Amino acid sequence: MRANRNHTAPAARTPLSAVRNLGILAHVDAGKTTVTDRFLYLAKATHKRGEVHDGTTVTDFDSQERDRGITIFAAAVSCDWDGHRINLIDTPGHVDFADEVERSLRVLDGAVAVFDAVAGVEPQSESVWRQADRYAVPRIAFVNKLDRAGADLDTAVESIRRRLHPVPLAVQLPIGAEDGFRGVVDLTRMRALIWADGAEAPEEGPVPGALAEEAARRRRLLDEAVAELHPRALDEFCADGTVSTATLVRALRELTRTGDALVVLCGSAYRGRGMEPLLDAVVAYLPAPPDVPPVRGTHRGEPRERPADPAAPLAALAFKVAATATGRLTYLRVYSGTLGKGDTVLDATTGRTERVGRVLRVQADRHTEVDRARAGDIVAVVGLRTARAGTTLCAPGAPLLLEPPTAPEPVVSVAVEARRATDTQRLSAALARLVEEDPSLAVRTDPDTGQTLLSGMGELHLEVAVEKIRRAHGIEAAVGGPKVSYRETVARGVTGFGYRHVKQDGGAGQFAHVVLDVAPLDRETGGDGAEFAFASTVVGGRVPQEYARAVEAGCRDALAEGPLGGHRVSGVRVTLTDGATHPKDSSEMAFRAAGRFALREALRASAMVLLEPVAEVTVTVPDDALGVVLGDLAARRGRVSGSWARAGTTVVTATVPLAEVFGYATRLRGRTHGRGTFTARPSGYAPAPAKDAGAAAAG
């Protein structure tokens, strides 16, 4: 069949139009790592199939990934298929490692979203979908595990439509169901692809007679749906009553790249069924680097663009840093220009220049040195000393600063200390390296206890980090119980709060007078999750604009510690309404200090509320254990938001304080005799009850 014509690497350099940079996205255990492994096997990039449960897949190469059976770190691989170069990143599916997904999506041109044919859209499916929306990444969907009991393509597609809100267009019809699943009908070309037992490649043939009528009906529905969305397809449909294969494929490609529709394919990655058509769909529908808009950045505040052109000045974005036996690797997406060994590049983030030691093409944990990387490539480089995830590297003569991926704020902390006093300094160095590699981790010292606190996105995230220190550095660390990161916010503010900052200690003094209004920042005007908004209504030049900006900076400084318990303050609107200056002693420094002290005192005078992080929990339990699980959720202060039945089980969604989620897995297994499962993802902050507010303030 067509998909098997060309697995081997092209002899010449692959043209940019034949490059695909994509990620594999999914909820944990939906099968994305198996999909990646089958891609590599079919493209002859590997010589045997790997299995997640055996720890033999290419991309789950870290020892912790193999021990735990999940993807923890985003892994880059590449292969050649049908004359195209596919650069692929296998991303984690667990919510604790969402930052790995975020940084990967920032540098990708497309993605394959993998869904479980039984579960459909799951909580982390929604999270990664929203992350892809944020970067406008074109996607196709693959409904996996059609060989499982209870698998149903139509139900899965409907859940995609209902919960993610795209326009899903199924281009295949399964042949066989559950354990009898053996192939698909390709609705675009009206042909059958059937995998015999033990066969690696499908047999192509006519649509089976038993499915001919249903396949024709679905092709008609596909033509109608595409005609509604695509003008050229509409013209052809109105003229001929159908849409030709060539027009249909062209329309699906354009709809995918604009995000107006979602092409849906299906199969079983574990059995290797449906993989060749999925690879063909990657090539046919997802964009090449020249198909996406030029990368946008700034230089000295002015917007700039760079096209995906090797002849243009260099622009590259670092999205991952890793310490390996090869040395310190910095993973880059090259957007324009070329990058070679010995080149001097400008770190536009810091303004420093660095020299590239080597350029490597990455195949998970294996690396091959190449002479140069060019626009459209995803590579790793050796020799950069200060580059971090989010760093822009560019030609020194053509500076450009690209937007970095956003790092989430940690929500869980543990105290860590070396078990042996002689390892204390080594532990500090190891923690610093961890934070360098993973921006979603943070390390700080508790000012009251002097303890070193490691903060991250969840219990598993921190557990993996501490275990990495033990395995990579041989340091045994004692870890305290997990604690959540509280916040404080304003329930009722103050108006006309004046503060005069005067300092005289010889020489030039400091003088600044400010008057502030402090109020809660509502979501409608500040945005969902907004932390701070500042405005100045001063008239008549009583506080010059440069001093007003200094007041804003001082107010931001004051948000670091709130009056209830020293927690970070969020959801605050501050308005500078009046002030006064001194002809000699006023300065930006003085007004920044005034802003800091004024807001600090104003918050003490306001009515404050302690906020605790909450998580959206999805629990799947047998019907006979539903009552006891609901009771346990209520005891954990959970608020049930929905439930639905699924094949002898009930799925319950609830909002639960994150602190109450710690240890829930063990409790759930005990109450359901090992049959219950759950997932949780942070969903923001909510007011904490009075008893917890008092404990947090005391702590």
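User: Which residues point one way from strand 2, and which the other way?

Analyst: In this predicted model, Ala75, Val77, Cys79 and Trp81 point one way from strand 2, while Ala76, Ser78 and Asp80 point the other way. Residues on both sides are buried.

User: What makes strand 2 largely enclosed by the rest of the structure?

Analyst: A residue counts as buried under 20% relative accessible area. Seven of the seven residues of strand 2 (residues 75-81) are buried, so the strand is largely enclosed by the rest of the structure.

User: How do you know that strand 2 and strand 3 pair?

Analyst: Pairing requires at least two bridges between the strands. Strand 2 and strand 3 (residues 84-90) have seven bridges, in the antiparallel sense, so the pair meets the criterion. Within this pair, Asp80 stands opposite Arg85 in strand 3. The hairpin of the two strands has two residues between them, and Asp82 there takes a positive phi near 55 degrees.

User: Why are helix 3 and helix 4 called roughly parallel?

Analyst: Angles under 35 degrees count as roughly parallel. Helix 3 (residues 98-105) and helix 4 (residues 123-134) pack at an angle of about 30 degrees, with axes 9 Å apart, and are therefore roughly parallel to each other. Their crossing is right-handed.

User: Which residues of helix 3 and helix 4 meet?

Analyst: From helix 3 come Ala98, Val101, Glu102 and Leu105; from helix 4, Gln124, Val128, Gln131, Ala132 and Arg134. The contact divides into five nonpolar, two polar and two charged residues.

User: What makes helix 15 roughly antiparallel to helix 17?

Analyst: The label applies to angles over 145 degrees. The axes of helix 15 (residues 626-635) and helix 17 (residues 664-671) come within 10 Å and cross at roughly 150 degrees, which makes helix 15 roughly antiparallel to helix 17. The crossing is right-handed. Val628, Val629, Asp632 and Leu633 in helix 15 meet Tyr664, Arg667, Leu668 and Arg671 in helix 17. The residues of this contact divide into five nonpolar, no polar and three charged.

User: Why is one side of strand 18 and of strand 20 left without a neighbour in the sheet?

Analyst: The open sheet of eight strands has the order 18-17-23-14-15-22-19-20, with antiparallel pairing. Strand 18 (352-355) and strand 20 (366-370) stand at its edges, each with a single partner strand, so one side of each lacks a neighbour in the sheet. Neighbouring strands here are turned by 40 degrees against each other on average, direction ignored.

User: How do you know that strand 15 pairs with strand 22?

Analyst: At least two bridges are needed. Five bridges join strand 15 (residues 327-336) to strand 22 (residues 378-382), and the two run antiparallel. The bridge partner of Thr330 in strand 22 is Val381.

User: What makes strand 31 and strand 33 edge strands?

Analyst: In the open sheet of four strands, the order is 31-32-35-33, with mixed pairing. Strand 31 (494-503) and strand 33 (532-536) each pair on one side only. Strand 33 pairs with strand 35 (residues 572-580) in the parallel sense over five bridges, and the bridge partner of Phe534 in strand 35 is Val574.

User: Which helices pack on this sheet, and which strands do they touch?

Analyst: Helix 13 (residues 545-558) touches strand 32 (510-520), strand 33 and strand 35; its direction makes about 155 degrees with that of strand 33. Helix 14 (residues 588-605) touches strand 31, strand 32 and strand 35, and its direction makes about 40 degrees with that of strand 32.

Note on methods
Residues numbered from 1 in each chain as written. Predicted model: local features only at pLDDT ≥ 70, side-chain atom pairs only at ≥ 80, totals over all residues. Heavy atoms only, no water. Axes fitted to C-alpha atoms, helices over the stretch in contact; angles between N-to-C directions. Buried < 20%, exposed > 50% of the residue type's maximum accessible area, 1.4 Å probe, protein only. Contact = heavy atoms within 4.5 Å. Parallel < 35°, antiparallel > 145°, perpendicular 65-115°, else oblique. Left-handed = near helix turned anticlockwise from the far one by under 90°. Nonpolar A, V, L, I, M, F, W, Y, C, P; charged D, E, K, R; others polar.
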